[in-house]
Amino acid sequence: MATKRDYYEVLGVDKSATEQEIKSAFRKKAKEFHPDLNKDNPDAAEKFKEAQEAYSVLSDENKRKMYDQYGHAGVGNGSAGAGGYGGFQGFDASDFGFGDIFDSIFGGGFGGGGFSNFGGSSRSRSTRGADSLMRMDLTFDEAIYGCEKKFSIDVIEDCDECDGVGGFDAKTCSTCHGAGTVTTQQQTILGSFMSKTTCPDCHGKGKTFKTTCSACGGKGKVKKNKKLTINIQGGIQTGDRQRIRGKGGAGENGGENGDLWIEFVVQEHKYFLRENDDIYLEVPLNISEAILGCKKKIPTLYGNVNVNIPAGTNTGDQQRIRGRGVDNKNNRHKGDMYLVFKIYTPKKLNREQKKLIEKLGETDLDTVEINNFDRFVNNNN
């Protein structure tokens with residue numbers, strides 16, 4: 001039989017090492033040689049078992065004293081290693097503090113063999129519920145001016161009958177003895193593996209009930225249809241969201257519910273076009289109004305205003321009215337309004353109107369665009 005190495009040498013610490021130094025050394029060795037992290041190293045399993053054996057002795061005050069005095073003979077040649085890699089026959093592995101060490105290495109859970117969430121928290125941790133998303137339609141006016149909206153939604157809340165615990169006359173779970181988890185041992189070609197899973201009887205709560213709540217079926221949560229009211233500030237756009245706390249998915253093991261997010265979809269207006277906080281309005285002009293200019297009553301978000309339209313206005317010309325855009329309460333910004341003109345020419349004229357238009361056509365408009373076009377036509381012959 002091969003001679004066992006000195007346990008202090010295995011962990012790479014001095015004989016005067018403190019308990020924390022020994023623990024830290026084993027953490028490094030476990031990470032360095034754990035078989036699931038070193039599948040390409042054929043010696044990893046044996047070195048891991050050696051480090052595990054050394055730590056099980058040196059981390060125990062009484063066993064360490066016996067080892068310091070009598071060597072390997074004082075601890076029966078290493079009680080932790082007799083069962084092969086990961087062998088824990090005959091004692092509770094949690095006594096040696098492996099749990100928190102492997103939690104720190106593997107983040108509280110490690111699948112695929114070896115330690116699987118071994119020795120973690122005594123009960124399943126509380127988990128916050130997931131957020132939910134709901135879409136809500138708004139009219140153009142509701143989005144611009146703000147409104148109050150009432151709606152119904154199914155939410156998950158604590159059961160009123162059992163106060164959210166799931167039953168009555170609680171007692172410590174006989175399967176996990178209040179730990180919320182159960183540990184099982186599996187044999188593989190590499191040796192014995194320990195696996196910790198949520199207790200199937202208490203579902204991680206650490207307790208069971210003499211009587212299960214019939215209202216919630218022991219879950220502690222029930223679905224309820226709630227009528228909610230939200231106040232929506234003016235200036236909302238399609239895609240904007242508003243949060244309602246605690247009305248999302250249900251939490252687990254006492255965790256709080258997630259939040260409900262309302263995403264808005266704003267209907268388009270027949271005449272007003274919105275771009276961010278600015279409003280655009282197409283204004284029709286007849287040919288006379290465009291040529292001579294005019295004063296025109298214009299509808300805005302905040303009532304009608306009279307606007308002077310200059311002579312010679314063309315289709316596509318714009319005129320700005322300051323401060324007549326969206327009064328956005330969310331970003332405290334007020335946009336402008338833009339009038340976009342479109343000239344409509346008559347399709348039917350009487351004889352007198354035709355003569356007037358023909359006479360107008362003889363007028364020297366001295367327009368740069370017309371002169372340039374005429375020059376292009378003449379040069380194209």
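Trainee: Which residue caps the N-terminal end of H8?

Mentor: Asn-350 does, with a side-chain oxygen 3.2 Å from the backbone nitrogen of Glu-352. Such a polar contact pairs N or O atoms within 3.5 Å, one able to donate a hydrogen and the other to accept it. The model is predicted, so local features need pLDDT of at least 70 and side-chain atom pairs 80 or more, while totals for chains, interfaces and linings use all residues. Residues are numbered from 1 along each chain as its sequence is written, and side-chain values use heavy atoms, without hydrogens or water.

Trainee: How many buried residues does helix H8 have?

Mentor: Buried means under 20% relative accessible area (1.4 Å probe, protein chains only). H8 spans residues 351-361, and its count is 0 among 11 residues. Across the chain's 381 residues, 36% count as buried.

Trainee: How many helices and strands are there in the chain?

Mentor: The chain has 9 helices and 17 strands. These are DSSP runs: helices (H or I) of at least four residues, strands (E) of at least two.

Trainee: What is the strand order in the open sheet of 4 strands?

Mentor: Strands of a sheet pair through backbone hydrogen bonds, parallel or antiparallel. Here the order is S10-S11-S17-S14, with mixed pairing. S10 (272-275) and S14 (318-321) are the edges; each has a single partner strand, so one side of each lacks a neighbour in the sheet. On average, neighbouring strands are turned by 30° against each other, direction ignored. Pairing requires at least two DSSP bridges. S10 and S11 (residues 278-286) pair in the antiparallel sense over 4 bridges. Glu-275 has Asp-278 in S11 as its bridge partner.

Trainee: Which residues touch the most other members of the largest nonpolar core?

Mentor: In soluble globular proteins, nonpolar side chains tend to be buried together. A core here joins buried Ala, Val, Leu, Ile, Met, Phe, Trp, Tyr and Cys through side-chain atoms within 4.5 Å. The largest holds 19 residues; Tyr-7, Leu-11, Val-13, Ile-22, Leu-58 and Tyr-67 touch the most other members. H1 (7-11), H2 (19-33) and H3 (44-58) each supply at least two residues. H3 gives the most, with 6.

Trainee: What is Leu-58 in contact with, leaving aside neighbours within four places in sequence?

Mentor: Contact means heavy atoms within 4.5 Å. Leu-58 is in contact with Tyr-7, Tyr-8, Leu-11, Ile-22, Arg-64 and Tyr-67. A second, separate core has 18 residues, including Phe-140, Ile-144, Leu-281 and Cys-294.

Trainee: What share of contacts joins residues at least 24 apart?

Mentor: That share is 65%, among contacts between residues at least 6 apart in sequence.

Key: Buried < 20%, exposed > 50% of the residue type's maximum accessible area, 1.4 Å probe, protein only. Axes fitted to C-alpha atoms, helices over the stretch in contact; angles between N-to-C directions.
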